[in-house]
Amino acid sequence: MNKKFYITTPIYYPSANFHIGHCYTTIAADAIARFKRLLGYDVFFQTGTDEHGAKIAQKAAEAGVTPKEYVDKIIENAKDLWQSLDISYDYFIRTTDESHKKSVQAIFKQLYNQGDIYKGKYKGLYCVPCESFWTETQLIDGKCPDCGREVKEVTEEAYFFKLSKYQDKLLDLYEKNSNFILPISRKNELVNNFIKPGLEDLCVSRTSVKWGIPVDFDPKHVIYVWIDALSNYITSLGYPNKDSELFKKYWPADIHLVGKEITRFHAIIWPALLMALGIDTPKQVFGHGWLVINGGKISKSLGNYKDPREYISSYGIDAVRYFVLREVPFGADGTFSEEALINRTNADLVNNLGNLVNRTVSMAHKYFNGKIENKKISENYDNELKEVVNNLDKVLIEKMDGLKINEALDELFEIFRKCNKYIDESTPWVLAKEEDKKDRLETVLYNLLESIRVATVYLQAYLPDTASKIFKTLNTDKKDNNNKSFNEDNSYNLSEATHLFDRIEVK
Ligand code: MSP
């Protein structure tokens with residue numbers, strides 16, 4: 001049986017249409033999911049939307065519609081966006097799904113019945129836009145440490161989760177699983193800022209919020225939106241039915257991919273809840289950095305971004321995918337700008353990859369009517385190319401295991417650079433002039449096509465649209481896990497060259 005791999009994105013707030021920052025997490029998760037599928041894993045890739053809470057209710061009221069009507073529209077838009085970015089998710093969960101709501105109520109009740117949730121009084125400082133409660137010491141200049149906005153004091157009867165009880169167990173979890181929180185800097189931040197000062201019990205219900213999942217045995221209380229949201233990762237698999245096929249097969253998650261500001265919810269509250277429920281904790285929480293624009297957060301209110309589909313229609317799906325995957329070391333913050341996207345596209349996609357495929361295929365058509373076999377007239381330097389091609393599997397697996405996605409792509413594009421260099425070294429146009437060099441010329445073209453083919457097998461994980469165009473031109477079905485190394489005995493009967501990328505003129 002294939003090994004399984006369960007990867008999730010955060011479930012996004014449908015408070016407004018999604019921007020390139022949301023695309024960032026989702027494209028990265030898609031590339032990882034596709035890469036694992038390529039290696040033969042049985043992958044479950046989940047994304048979705050986190051639809052409850054005061055902020056959404058407020059937005060809906062402003063728009064003069066019900067919260068459900070409000071989110072339905074945004075979700076339709078989000079699904080269209082994911083389709084236009086070739087996102088290969090297996091399941092899209094909505095926290096307004098009936099099955100999710102029932103499961104969250106059951107989880108809450110179980111924790112209450114076993115004493116991990118109890119009733120008390122809450123007095124605290126609440127940030128409405130972030131749906132977060134803060135203690136006085138966590139505020140920065142008296143404001144929300146996440147978004148910098150005003151917080152307000154709230155007192156209410158509420159249910160609490162005994163988070164404090166799990167302090168040592170959490171430290172133990174981090175200790176025993178050094179990869180549980182990555183990058184490592186985020187782990188140190190969490191331990192020093194949140195765990196070491198002492199975990200307080202967490203308020204997990206609100207009476208002030210109406211748009212949410214009610215506590216079924218005390219319905220004036222609505223379940224705290226983060227308990228509702230985090231549970232999505234197991235309710236989608238059928239939990240609390242532990243015998244559900246999906247749950248048995250895919251839980252625990254292999255990676256929760258999240259932005260840095262929500263790492264603490266995933267690495268503290270979530271594993272503590274799971275420990276309380278007596279089920280396995282996820283294997284890894286990876287907190288990536290933010291894409292920023294002009295040094296600041298991408299923000300609707302600042303109006304500093306376009307609908308991501310505008311970038312797709314101007315530059316193409318894979319220019320956008322490539323940019324977000326390649327430009328920024330995964331984990332760190334990075335800048336998004338159209339200028340940088342254009343430069344990346346022209347340098348790597350047009351000059352390197354597009355040019356290589358175009359040159360190679362054109363020569364194969366020109367000299368051999370597109371029919372190429374390996375005549376095995378080799379030179380020593382051929383082996384250099386074959387070696388890097390055959391090493392790709394090992395290198396990429398290592399990079400992707402460490403979620404060094406940008407480095408993985410760089411290694412992959414190194415093959416295309418090497419192939420371009422190989423063309424310069426072997427000078428096919430010179431060989432073409434000499435009748436007795438015909439077999440060498442065909443070998444050179446074979447080596448190029450076969451190297452491009454192998455690299456394109458992997459390219460499917462990152463740039464699926466481009467990979468499928470290249471395979472169409474190569475006219476081959478050798479695209480899968482069993483065809484990842486340089487084969488001396490393939491042959492090619494090429495289709496017409498498809499144009500891969502247009503050079504983008506800077507306006
Ligand atoms: N609903 C919660 C997540 C619940 S998961 C159980 C939430 N939603 S969000 O819509 O505000 O953000 C979702 C994700 O998008 C976060 O991981 C966040 O870091 C990411 N991004 C939002 N803007 C971003 C950038 N500008 N850059 C990179 N990622 C960004 O939090």
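**View 1. Residues around the ligand.** Of the 25 residues around the ligand, those that come nearest are Ile11, Asp50, Gly259, Glu261 and Leu291; a residue is near a molecule if one of its heavy atoms lies within 4 Å of it. The model is predicted: local features need pLDDT of at least 70, side-chain atom pairs count only at pLDDT 80 or more, and totals for chains, interfaces and linings use all residues. Residues are numbered from 1 along each chain as its sequence is written, and side-chain values use heavy atoms, with hydrogens and water left out.

View 2. A polar backbone atom of Ile11 is 2.8 Å from a nitrogen atom of the ligand. An oxygen atom of the ligand lies 3.1 Å from a backbone N or O atom of Tyr13. The side chain of Asp50 has an N or O atom 2.7 Å from a nitrogen atom of the ligand. The protein buries 94% of the 660 Å² that the ligand exposes when taken alone (Shrake-Rupley method, 1.4 Å probe).

**View 3. Helix H1 and the shell around the ligand.** Two or more residues of the shell come from each of strand S1 (4–12), helix H1 (20–38), helix H7 (225–230), helix H8 (232–235) and strand S11 (255–259). Helices (H or I, at least four residues) and strands (E, at least two) are DSSP runs, numbered from the N terminus. H1 gives the most to this shell, with 4 residues. Of the 19 residues of H1, 18 are buried; buried means under 20% relative accessible area, exposed over 50%, and partly exposed in between (1.4 Å probe, protein chains only). From its first C-alpha to its last, H1 reaches 26 Å, close to the 27 Å expected at 1.5 Å a residue; the expected span is 1.5 Å times one less than the number of residues.

**View 4. Two cis peptide bonds.** The bond from Leu182 to Pro183 is cis, with omega near -10°, and Pro183 lies in the loop between strand S7 (181–182) and helix H6 (184–195). The bond from Trp251 to Pro252 is also cis, with omega near 5°. Pro252 is placed in the loop between helix H9 (245–250) and S11.

**View 5. Ser313 in helix H11.** Ser313 belongs to helix H11 (residues 308–315) and counts as exposed because its relative accessibility is 65%. A polar atom of its side chain lies 3.3 Å from the backbone oxygen of Glu310.

View 6. Val361 lies in helix H13 (residues 338–368) and, at 1% relative accessibility, counts as buried. Its C-alpha is separated by 8.0 Å from that of Glu496, 135 residues apart along the chain. Asn369, in the loop between H13 and strand S16 (371–373), has a positive phi of about 50° although it is not a glycine. Asn369 counts as exposed, at 62% relative accessibility.

**View 7. Leu403 and helix H15.** Leu403 is in the loop between helix H14 (380–401) and H15, with a positive phi of about 55° although it is not a glycine. At 1% relative accessibility, Leu403 counts as buried. The end C-alpha atoms of H15 (residues 405–426) are 32 Å apart, which agrees with the 32 Å that its 22 residues should span at 1.5 Å a residue.

Technical notes
Polar contact = N/O pair within 3.5 Å; in protein donor to acceptor, adjacent residues only side chain to side chain.
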